[in-house]
Amino acid sequence: MADAAPIRQRPARQRPGRPAQISRERIVDAAVSGGNLDALTMRELAARLGVTHGALYRWVKNRDELFDLVNEVMVERVLPAEGPRGDDWRPWLARVAWAMHDQFLAVPGYSTRTARPHRHSAAFERLRGEVTAAFTTAGVAAEQAEQSWYIFITTVVSWLAVQENPLGLGQAAPRFDLFLGTLLRGLPAQEPGVAREPE
């Protein structure tokens with residue numbers, strides 16, 4: 001008896017349609033690639049992605065939601081894999097600050113936008129939690145840790161925003177290492193030794 005002919009597998013049928021043109025990663029990449037992020041319009045972003053404004057709207061409805069996406073990526077890039085531990089808090093904060101320097105300034109307009117008052121996303125709440133933890137692991141009380149976070153984030157972001165919008169305060173180029181060293185020596189925040197005199 002002859003052997004039965006082998007059964008041939010049918011090739012899997014591909015579903016009709018084109019591959020997805022848009023994703024969270026593509027949106028962020030398009031937003032931060034070239035041009036001033038602070039001046040980017042939703043229509044310009046849709047054009048960069050090669051999609052309609054309506055297709056983009058299904059992912060992000062406005063500039064606030066766009067910046068939420070960008071913030072998520074930025075915070076992922078600046079936070080070290082491991083959190084601060086005990087006496088490691090100053091070098092850990094220095095790593096965070098240098099990562100902010102490199103990542104924020106790589107996207108023109110990002111520091112300027114971040115420095116202005118606006119609603120911060122959950123991503124920045126994550127950054128706040130990690131930086132506050134750096135101070136509490138150093139033995140700082142919760143209230144002082146919160147004040148130290150505020151000092152850290154506002155001064156670093158403001159310094160970076162000034163690099164995007166130079167004030168022309170002198171001939172020497174501002175040095176981030178000197179700025180950061182001075183800032184970290186003054187942290188964590190301490191209660192002032194002399195109370196403010198009433199006016």
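Biologist: Where is W149 placed?

Modeller: W149 lies in helix α8 (residues 142–164); helices are DSSP runs of H or I, at least four residues, numbered from the N terminus. This is a predicted model, in which local features need pLDDT of at least 70 and side-chain atom pairs count only at pLDDT 80 or more, while totals for chains, interfaces and linings use all residues. Residues are numbered from 1 along each chain as its sequence is written, and side-chain values use heavy atoms, with hydrogens and water left out.

Biologist: Why is W149 called buried?

Modeller: Buried means under 20% relative accessible area, exposed over 50%, and partly exposed in between, with a 1.4 Å probe and protein chains only. W149 has a relative accessible area of 10%, and is therefore buried.

Biologist: Which residues are in contact with W149, leaving aside its neighbours within four places in sequence?

Modeller: They are F124, L127, R128, V131, T132 and F135, where contact means heavy atoms within 4.5 Å.

Biologist: What lines the largest cavity?

Modeller: The lining consists of D64, F67, D68, N71, R113, H118 and R119. Helix α4 (residues 63–78) gives the most, with 4 residues. About 50 Å³ of space lies in this cavity. On a 1 Å grid over the protein atoms alone, a cavity is a set of points where a 1.4 Å probe fits but cannot get out, and lining residues have an atom within 4 Å of a point. Grid points are joined across faces, edges and corners, and the volume is the space filled by probe spheres set on the points.

Key. Helix = DSSP H or I, 4+ residues; strand = E, 2+ residues; numbered from the N terminus. 1 Å grid on protein atoms, 1.4 Å probe; cavity = no way out; pocket = protein on both sides within 12 Å on 5 of 7 lines; lining within 4 Å.
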